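Let's take a quick tour of a structure, one piece at a time. Keep the 3D view open while you read.

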Amino acid sequence: MTSDLGVFSSNSKTNTLRRQFLNQAGLGLLGLTVPQFLWRTQAMANSGQAKRDVNCIFIWTQGGTSHHDTLDPKPRASEGVRGPLSCINTAVPGVQFAETCPRLAKELGRFSLMRSWNPKNAGHGAADQWCMSGRAPTPTVAYPCVGSVISHEKGFKSPLPPFVQLGNHVDRTFQGGTPGILGLEHGPFEIHAEANVDKFSVRDITPPLNIDLGRIDRRRDILAKIDRLQKRADVQPIAFDAMDEHYKTAFSMITAPETKRAFDIGSEEASLRDQYGRTPFGQRLLLARRLVESGVRFVTVSDPGWDHHLDCFSNIKIHRMPQVDQALPQLLIDLEQRGLLDTTLVVWMTDFGRTPKINPASGRDHWATAGFVVMAGAGVPGGLVIGETDAEGGAPKSHEYFTENIVATMYHKLGLPLDLTVTSSDGRPVRLLEGEPVREWI
Amino acid sequence: MVAPFFSRPTRIWLMFFASIFFVSDGFLNVTLANDWTVDPPAIQLQGNFETIQILVLQPSSAVPSDPTRADDLTSRSTYVSSAPAICTVDASGRVTAHSNGDAEIQVTSQGTIKTIPVSVQGVLSVPKLDFVNDIQPVLYRAGCNSGSCHASQYGKGGFTLSVMGFDPMMDYNAMAVHSRGRRISMASPTDSLLLKKGAMAVAHGGGERLPVGSNEFEMLKAWISGGAAKPDLQAPHVTKLRVTPALRVLEVGSSQQIRVVAEYSHGRNRDVTSLVRFDSMDESVIEVNRHGLTKAIGKGQAALMIRFAGHAEIATFVVPFSAEANLANWQAQNYVDEHAATKFRELGLSPSGLCDDSTFLRRAYLDAIGTLPTMDEAKSFLESTQPDKRALLIDRLLGFTTDPAAAKHTDAYAAFWSLKWADLIRNNSTVVGESGMWAMHNWLREVFRTNKPMDQFVQELVTAKGSIFSNGPANYYRIASNPPDLAESTAQLFMGTRLQCAKCHHHPYERYSQSDYYGFAAFFARVGNKGSAEFGVFGGEVVVTVNSGGEVTHPKTGAVMKPTPLFAEPVDDPQDRRVALSKWLTSTDNDLFARNLVNRYVGYLLGRGLVDPIDDLRSTNPPSNVALMDALVADFRTSKFNVKHLMRSIMNSRLYQLDSQPTPENVTDGRFYSHYKVKRLGAETLLDGIDYATGVLTKHPSLPLGTRAIELPDANTTNPFLMVFGKPKRASVCECERSPDENLAQALHVLNGDILAGKLADVNGRVAKLVATTVPDEAKIQELYLSTLCRQPSREEMETAQGLVASSTSPTDAYQDLLWALINSKQFLFVH
């Protein structure tokens with residue numbers, strides 16, 4: 001390799017370790033992926049990096065939550081802009097929320113709100129890719145979402161996968177929320193099942209009906225025998241070795257008591273479950289906390305139904321917002337009580353803002369130049385409101401920030417270098433992010 | 001890139017610029033065995049800071065006549081200058097000019113001494129340095145203008161350079177003009193912030209880049225003290241880099257010093273070894289230091305990339321696996337095997353043996369038509385005694401047959417290859433609507449059912465217009481709709497060229513500049529579309545049209561770009577520029593068209609392209625077997641771009657039919673096809689295979705039961721199995737979107753998922769039906785092996801399975817478990 005730090009060489013320590021590993025094992029030549037957690041865990045143990053890991057719960061309200069009708073109301077605008085909802089005061093003097101957010105208003109001291117986010121985009125799909133990776137979609141390079149970067153850079157911390165997505169409410173048309181160039185290995189482990197039902201079970205982890213652990217053990221034995229008979233020599237294609245490792249991990253995940261415990265949301269106090277709200281969103285958020293406690297590094301909590309072209313106000317007030325208003329402050333309280341808030345970054349993003357002018361169907365349409373972002377935990381100062389939009393909520397008036405700044409803040413908080421450059425699975429050096437973090441949050 | 005020079009008659013520059021020396025191209029053809037030579041035999045250096053790299057070589061004792069095997073003594077010799085005030089020489093054999101006069105360099109090697117006369121002229125007391133030819137290379141080599149440092153979007157510390165120096169004026173302004181010129185101090189050059197930062201004399205986030213006293217440091221200093229001359233846009237520019245040696249055979253642990261000479265537009269040659277950047281393209285085979293000393297660290301073949309002034313060149317290094325390849329059993333089936341054998345000999349690499357019939361059967365079915373053979377097909381092939389049964393099977397799978405009963409296989413062929421190309425073209429109802437998606441799908445099916453020649457296929461696609469609902473290929477212009485996106489997608493799909501870097505800056509590995517990019521994009525400047533009156537705005541129908549006007553302009557110069565193919569003169573068509581493009585694309589003028597397709601199909605069949613990544617053809621990424629690539633390309637052209645012919649040539653070769661079982665000697669080879677490279681079955685193929693093995697079909701939404709996963713027209717799917725196994729979303733034209741990786745979620749899903757569990761336990765499934773019959777256990781076990789692995793169980797496998805059934809209280813459970821294990825075994829999950 002070149003001795004000087006070159007145009008495309010990464011500053012990341014782990015990449016160097018990876019290269020060394022590949023060279024030693026003679027695998028670099030083969031372009032094959034050996035389960036990376038093996039050496040990454042090793043690498044981390046060696047470097048003592050594991051001490052203060054910051055985890056992340058990323059909330060995605062899919063569709064584009066109206067900023068007017070939640071956290072950035074315009075009570076003095078004309079009726080055709082301000083809408084029928086009234087405003088309430090928050091814990092921070094001079095800051096008002098829409099009446100849909102009473103608990104968030106009361107607990108504003110626990111989180112920070114940015115009102116000067118300019119998404120520069122009003123398309124679904126593109127939003128998911130942009131907000132989760134910090135890069136606009138391109139036809140040729142699929143940039144990885146932050147959770148996948150975490151998986152790639154930090155690997156496993158427990159038998160549970162490093163990156164989990166709850167719900168399937170992420171639009172992947174432009175590869176939003178996916179590992180992109182980092183390869184499937186770093187995709188989110190997806191849990192689509194509803195945590196708010198009595199018989200919550202996790203696909204592929206909870207054994208299927210009629211298969212008990214005894215039978216899983218028996219099958220493991222049979223597979224081992226059949227595999228052994230197929231194997232003709234000690235050396236085998238290296239892809240087979242990788243597969244063996246994945247199967248080993250998979251078996252341990254299915255049978256490990258930690259896994260069972262992490263998903264056993266029924267073991268939470270009933271009163272705590274009530275405080276999160278017995279709603280799909282509420283229980284998903286509670287599950288996210290359990291997962292972070294059990295060693296998951298990054299949890300995406302996705303929530304559907306925010307694309308309110310029709311009947312924006314009653315939808316938000318009656319159906320969507322109460323769940324979030326109940327659960328999000330509760331998560332922050334819960335994390336603080338457990339001493340996890342300093343090491344857990346909580347982010348709430350949505351596709352974009354919505355039109356200042358209300359359309360004839362009592363809805364609001366997509367809006368590209370304004371929106372809000374909420375961040376809390378991991379040292380983000382509570383009660384801080386950054387920037388403001390103009391009189392109609394159409395564009396930031398001050399402290400304008402862009403999506404790359406939000407994602408750069410996440411990189412910064414999660415301990416990822418801002419200039420992280422990775423080699424894609426097909427050998428291309430790619431700098432993942434361009435942008436500076438939000439000053440007020442770091 | 002390097003701007004033309006010389007509006008003013010700068011004889012001064014000329015003098016300082018050129019170092020003339022005598023490189024004889026045949027210097028390596030040394031005939032005296034055991035005698036070493038120096039190159040060049042005499043040195044003339046002209047101008048301040050000029051350097052030259054001496055090479056010391058000894059003919060190989062084993063093969064004295066082979067210059068590629070000559071022993072490089074350069075790093076093991078010692079050098080002494082007779083007059084260090086005139087020129088110095090360092091331990092690596094690099095001579096640097098200091099003042100005018102004559103001197104000698106004494107070279108000691110192998111206990112003997114040789115002398116090289118040196119003449120230095122044209123050194124000036126106030127050196128003149130050219131910004132483009134001297135200063136920018138220094139910044140480039142030190143990494144200052146890399147994407148992660150000062151060329152990142154916002155620069156670093158308020159100092160922003162252009163990426164790899166593609167914009168000399170911007171860089172000049174950043175260095176000498178912006179920030180009120182505080183970065184340089186002409187009065188006291190060493191106090192210049194630029195130098196202090198570079199030398200780490202003050203804090204510098206990027207560390208020490210230009211050590212005090214280094215040639216680079218001195219050059220920058222001299223440029224500043226000489227008045228920090230602006231970029232001279234008339235300066236001569238580099239036309240070519242010449243790398244010595246271009247090909248070298250090494251053993252692990254041995255090394256070779258590289259010398260690089262730049263040829264300039266005004267006819268001068270200049271040794272730029274000390275100014276270029278070296279990069280190993282395969283760090284498991286060779287490593288290189290910043291001076292160009294290249295060391296073999298692993299076996300195989302690798303390119304060394306050399307970059308200077310917007311040009312990139314390579315040197316090829318071969319590090320043989322052993323002294324001699326064992327090819328005793330190698331019978332060449334066709335030209336593919338002849339070229340493969342030559343490569344094996346060159347690399348001393350011994351291939352694995354031929355695979356057995358059942359392995360070949362399964363491999364050929366999966367690779368050619370993405371489908372497992374039925375049990376009957378498997379049995380009849382395995383039992384056949386025809387000596388050419390493999391060739392016959394290939395013909396049957398590809399539809400090269402006159403037997404109408406066999407024609408049904410071409411349906412699977414059409415489905416499988418439509419799927420592949422729909423992924424690449426990104427056919428997707430989210431973007432073009434249901435009707436557009438179906439129109440494109442039906443067109444693709446027709447293309448592959450009729451085996452349309454690939455040039456016609458691409459011409460129809462690139463020149464398509466009309467309704468996206470009734471003319472399938474017109475959707476290409478809805479999937480991407482602006483000239484830059486269309487230029488990037490078209491170049492990558494049909495030329496294997498990644499143009500996107502050149503959108504913003506000069507391509508780092510290639511000759512492509514912004515002008516090339518926007519000239520290519522200009523072909524698409526006049527594609528328009530309008531809503532159809534027939535179906536109205538809400539029906540979503542769009543008509544792709546060609547407008548009479550519309551241009552692409554260069555983002556920097558604002559110039560209107562003429563539609564220009566890559567590295568060719570502009571071409572046009574009075575009605576539709578795309579017609580000119582499609583003619584050029586598929587003409588013999590464009591070598592990349594055939595090369596790209598050949599490489600893709602080699603990749604699909606052999607598991608890795610001759611060029612890898614499969615869609616990244618460029619001069620700095622040469623094929624692993626150049627002769628084989630050339631032969632396949634020639635054959636493909638002769639066949640008039642017939643992909644079935646191409647596939648037949650590859651599949652009939654012994655190379656394709658090699659065992660996937662590596663030997664201890666060839667296990668580390670992943671590039672030269674010494675053993676067949678196993679690959680996980682794709683998402684759709686695997687689901688279809690599980691459907692067949694379990695006897696339970698998957699119902700795909702809004703399509704009739706019995707529609708197979710490889711027949712799905714759209715990217716959108718809600719099927720969790722296909723999602724876990726990475727069915728592409730068709731968001732990218734990159735082959736890499738279909739990730740071949742194995743991952744944990746997949747293992748969990750096959751191991752423990754409810755989809756497979758449901759199919760195994762289905763009351764109408766294979767296991768339930770099998771258990772209900774009265775055939776003996778042996779036949780039941782055979783059926784499970786044949787329907788999954790396409791072969792009969794071995795004696796031990798039969799005994800193991802019988803033991804399992806006998807020891808179980810429930811035959812249903814036992815057969816379910818057996819089938820479960822077979823599906824989870826590697827011989828099922830992989831094409832092997």
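**A sheet, a residue and a helix pair**

In chain B, four strands make an open, mixed sheet in the order S12-S20-S19-S16. (Strands are DSSP runs of E with at least two residues, helices are runs of H or I with at least four, and both are numbered from the N terminus; two strands pair if DSSP finds at least two bridges between them.) This is a predicted model, where local features need pLDDT of at least 70 and side-chain atom pairs count only at pLDDT 80 or more, while totals for chains, interfaces and linings use all residues. Residues are numbered from 1 along each chain as its sequence is written, with chains lettered from A and ligands numbered from 1 in the order in which they are written.

- S19 (residues 300-308) and S20 (residues 311-319) of chain B pair antiparallel over nine bridges.
- B:Gly300 has B:Val319 in S20(B) as its bridge partner.

**B:Val243**
- You'll find B:Val243 in strand S11 (residues 238-244) of chain B.
- B:Val243 counts as buried because it has 20 C-beta neighbours inside 10 Å (20 or more is buried, 12 or fewer exposed, in between partly exposed, with C-beta atoms placed from the backbone).
- The C-alpha atoms of B:Val243 and B:Val261 are 6.5 Å apart, though 18 residues separate them along the chain.

- H8 (residues 238-255) of chain A packs with H24 (residues 744-752) of chain B at about 65°, with axes 9 Å apart (axes are lines fitted to C-alpha atoms over the stretch in contact, and angles run from 0 to 180 degrees between N-to-C directions).
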